[in-house]
Structures are given as structure tokens and as C-alpha cells.
Amino acid sequence: MSYGFLLDLALILLSTKLLGLATQRFQMPQVVGALLAGLFLGPAGLNILSETELLSQLSELGVIVLMFSAGMGTDIQELKNSGKAGFLVALLGVLVPLVMGTALAWGADRAGMVDCAGLLEDVFVGTVLTATSVSITVETLKEMGKLDTKAGNTILAAALIDDVLGLIALTLVSSVAGGDESLLTVVVKILLFFVFAFAVGWGAKGLFCRMMEQQHERNLRRYPVLAFVLCLLMAYCAERFFGVADITGAYAAGLAISCTPKASYIQSKYEPLGYLLLTPVFFAGIGINVRLTGMNAGLALFSALLLAVSVISKLAGCGWGARLCGFSGRESVQVGAGMVCRGEVALIVANRGLAMGVLSPSLMTPVIITVVGGTILTPILLKLAFRGQPASMGRSGSLTDRYSKTEQLDIVSARLLEKDREMMGKNKERT
């Protein structure tokens with residue numbers, strides 16, 4: 001048995017953390033650092049690491065946990081209460097990038113810039129652009145004191161719906177790509193999956209609630225274990241029986257858990273699992289799989305155009321949706337700018353396409369350039385959009401509070417552990 005995988009994991013974890021801290025100093029999320037670490041260590045850089053079966057399996061488990069956590073973090077009640085503005089911004093924020101991205105890939109293929117395998121790959125490029133990640137937007141708005149503005153709350157509400165709509169688009173495209181079945185068969189299987197997911201989710205919610213009523217606050221550790229079992233089973237069933245992406249099953253499982261009284265507790269137990277191992281391996285693995293040998297003038301031009309379309313499509317789509325809901329021109333631009341960042345969501349979608357053979361390996365480079373470029377541009381666009389506008393005076397909402405709660409829980413937990421350690425020390429001194 002070879003133990004080289006231990007060194008590989010050590011290098012990945014160390015490099016992703018160091019580069020993550022470095023990118024954070026430039027107001028970019030640590031996921032960009034993890035991505036760059038994979039690029040540096042992989043064949044595109046120093047060629048120290050290459051894809052192995054273990055890294056591939058850990059990466060797949062990592063994306064499942066990411067989507068499971070995203071599902072647990074989705075407040076279904078907030079989706080219901082987001083209103084017309086949140087829904088319309090999210091809907092147009094998905095449709096416009098989908099159409100523009102597909103058109104760009106189709107045109108680039110005809111112009112000889114890239115070599116796409118057909119219309120399905122063109123559509124998948126558009127599907128990648130539907131994604132939205134608001135982590136960098138939230139940090140930027142918090143820094144500027146604009147998170148609890150009308151535009152800020154609309155961005156947060158739209159981001160929740162955007163995740164669901166984007167996942168539906170991914171499910172449809174990946175299901176069509178999964179075989180030679182007719183479109184009608186694919187749609188029927190997708191509908192059956194959602195019926196299955198609803199039934200299993202409803203049953204799981206009832207089971208968890210009954211267990212919690214009987215056990216009260218005892219044996220809390222069993223809930224995260226059972227929740228993870230549900231996640232893995234639904235991910236397996238989605239792929240095996242319905243031809244739907246496993247991450248869709250994981251997200252559906254997360255939604256079911258989010259409706260239980262212990263949702264926040266269960267979710268908190270998966271953050272260390274993702275943070276310590278699975279998330280760094282997943283994003284570094286994407287960088288390791290990148291090959292720059294095929295980069296030429298055409299692909300470089302396509303990368304620049306894809307970045308431009310990714311920005312323009314969100315500004316136009318989300319801004320148009322906000323405008324139709326009565327927002328001012330400036331507020332519409334602010335909403336559009338806040339939805340520009342793709343981040344980890346686009347990487348998850350692109351990696352899924354790569355694994356299925358729908359997305360060519362050569363197109364991963366433009367996708368990564370788009371993700372990194374959008375991450376850099378989002379704070380700049382937001383600061384320009386909000387320039388001259390005074391900071392809000394402490395008005396808050398449930399969505400704003402939910403995004404602030406995570407880091408507060410970390411601080412409170414650390415303080416409680418420190419207090420416990422001090423009390424234990426004092427008790428030892430007395431005895």
C-alpha cells in the first residue's frame with residue numbers, strides 16, 4: 001500500500017490555506033486561493049500533483065457535502081416571503097445568462113475560437129453562467145454598511161431562489177446529457193425525482209421531529225449522522241434511479257433537514273468536515289485538472305468574452321428584474337452588480353459537466369478565468385454602484401441576520417470553550 005496520498009493531502013491543505021489567506025487580504029473569498037493552489041501544484045503549474053482516484057472520490061464527496069450544507073442553509077419560509085422582486089430578479093438572472101452564454105458558445109464555435117461538441121455543450125456553458133455566489137457580495141456590503149439596504153436584502157432573497165432555479169437548469173441539462181432518452185422521458189424522470197424527494201423529505205422531517213420530541217436534548221450526535229445518511233442515500237437514488245445529478249439529491253436532503261428544529265445544529269457539524277478536508281480538496285482538485293497546453297489566441301479571446309458576458313448578463317438580467325419591480329435605476333444597477341459573482345457555484349456546475357463529458361476540458365480554463373475575474377470585479381462594481389450613498393442606519397431583516405449569524409456562532413463557541421477551560425483550571429487549583 002502506498003502512503004503517498006498522505007503527502008498529497010498535506011500539500012493540498014497547507015497550500016489552500018496559505019493561498020486562501022493571501023487572497024482574503026485582497027478581499028476575495030478563500031475559495032479562489034484553493035483554486036490557485038490546485039493550479040500551482042497541478043500539471044498547469046509545478047506539476048507536483050495529479051488527479052488520483054482518492055482525490056477524485058474525495059472531491060465528489062466534497063461537492064455533495066457542499067450542496068447538502070447549501071440545502072440546510074436555505075430557508076424555505078424566506079423563499080415564500082421573498083416576494084415578486086426576489087423571484088423576478090432571480091428568474092431573469094438565470095434566463096438572461098443562460099441565453100447569452102449559450103449564444104456566445106455557439107458563435108465562438110462557429111468562428112473557430114473554441115471547439116464545442118454541439119448544442120448541448122453550448123447550453124451547458126450558458127448553464128455555468130446562471131450560477132450566483134453572494135459570499136463576496138455579502139462581505140463587501142457588510143464592509144460598506146449596505147447589507148441591510150433595499151438592494152442588499154433583494155440580492156440575498158434572489159440568491160436563494162437563484163440557487164434553486166440554477167439547480168433545476170443543471171438537472172435538466174445533465175439529465176438530457178446522460179443518455180439517448182427522449183426529452184419527454186427526461187422530463188418525466190425529473191418530475192418523478194421531485195415527487196420522490198418531496199415524499200422522502202416529508203417522511204424524514206416527520207421522523208426527525210418525532211425523535212427530537214422523544215429525546216429532547218439527549219443524544220444530539222445521532223442527528224448529524226442520520227442526516228448524512230439521508231444525504232448519501234438521496235444522492236445515490238438521484239443518480240442511480242432518476243438520472244439526476246447526485247448534488248441535486250444532496251441539496252434536496254438538505255432542504256428536508258432545514259425544516260427540522262435542529263437544522264442549525266446539524267448544519268454546524270458539517271462546516272468543520274468541509275472546512276478541514278473536503279472543500280479544500282474539491283476546489284484544489286478543479287485546479288489540478290486544468291490543462292493549459294491547449295491555450296491559444298482563440299481560447300484566450302473566448303475567455304475574455306465569457307468574462308464580459310458573465311458580468312453583462314447578470315447586470316442586465318437582474319437589473320432588469322429589479323427595474324420591473326419598481327426599483328430606481330441606481331438600485332437596479334446595485335442589485336445586478338451584487339449578483340455578478342459566480343464563485344464556488346459555477347465551479348461545482350462546471351466540474352459536474354466535466355465529469356459527465358458534457359463540458360470539454362479545454363473550456364475549464366475560461367470558466368476559471370470567469371470565476372476569478374468575476375470575484376475580483378464584484379467588489380469594484382458594488383463600490384461604484386453605491387458610491388456617494390450614505391450608510392444605512394442599522395435597519396435589518398431576517399435574511400441579513402441569517403448571514404451575520406454564522407460568524408457570530410463561531411465567536412461565541414470559541415469564547416464558551418475558553419471559559420470552560422478557565423473554569424476547569426480553577427477547579428483543579430481548588431482541589
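Begin with the secondary structure of the whole chain: this predicted model has 17 helices and 0 strands.

Next, colour the chain by confidence. The mean pLDDT is 82, and 87% of the residues reach 70 or more. Select helix H13, residues 297–324, where confidence is highest, at a mean of 92. Then select helix H17, residues 398–430, where confidence is lowest, at a mean of 67.

Now display the surface of the chain. The accessible surface comes to about 20,400 Å², and carbon and sulfur atoms account for 65% of it. How much of the chain is buried? Of the 431 residues, 49% are buried.

Consider also how the chain contacts itself. Among contacts with a separation of 6 or more, 81% join residues 24 or more positions apart.

Which residues of H10 take part? They are Ala 227, Leu 230, Cys 231, Met 234, Ala 235, Ala 238 and Glu 239. On the side of H11, select Asp 246, Gly 249, Ala 250, Ala 252, Ala 253 and Ile 257. Coloured by residue type, this contact of H10 with H11 divides into 10 nonpolar, 1 polar and 2 charged residues.

Note on methods:
Residues numbered from 1 in each chain as written. Predicted model: local features only at pLDDT ≥ 70, side-chain atom pairs only at ≥ 80, totals over all residues. Heavy atoms only, no water. Contact = heavy atoms within 4.5 Å. Helix = DSSP H or I, 4+ residues; strand = E, 2+ residues; numbered from the N terminus. Nonpolar A, V, L, I, M, F, W, Y, C, P; charged D, E, K, R; others polar. Buried < 20%, exposed > 50% of the residue type's maximum accessible area, 1.4 Å probe, protein only. Areas by Shrake-Rupley, 256 points an atom, 1.4 Å probe, with all protein chains shown as cover. pLDDT = per-residue confidence, 0-100.
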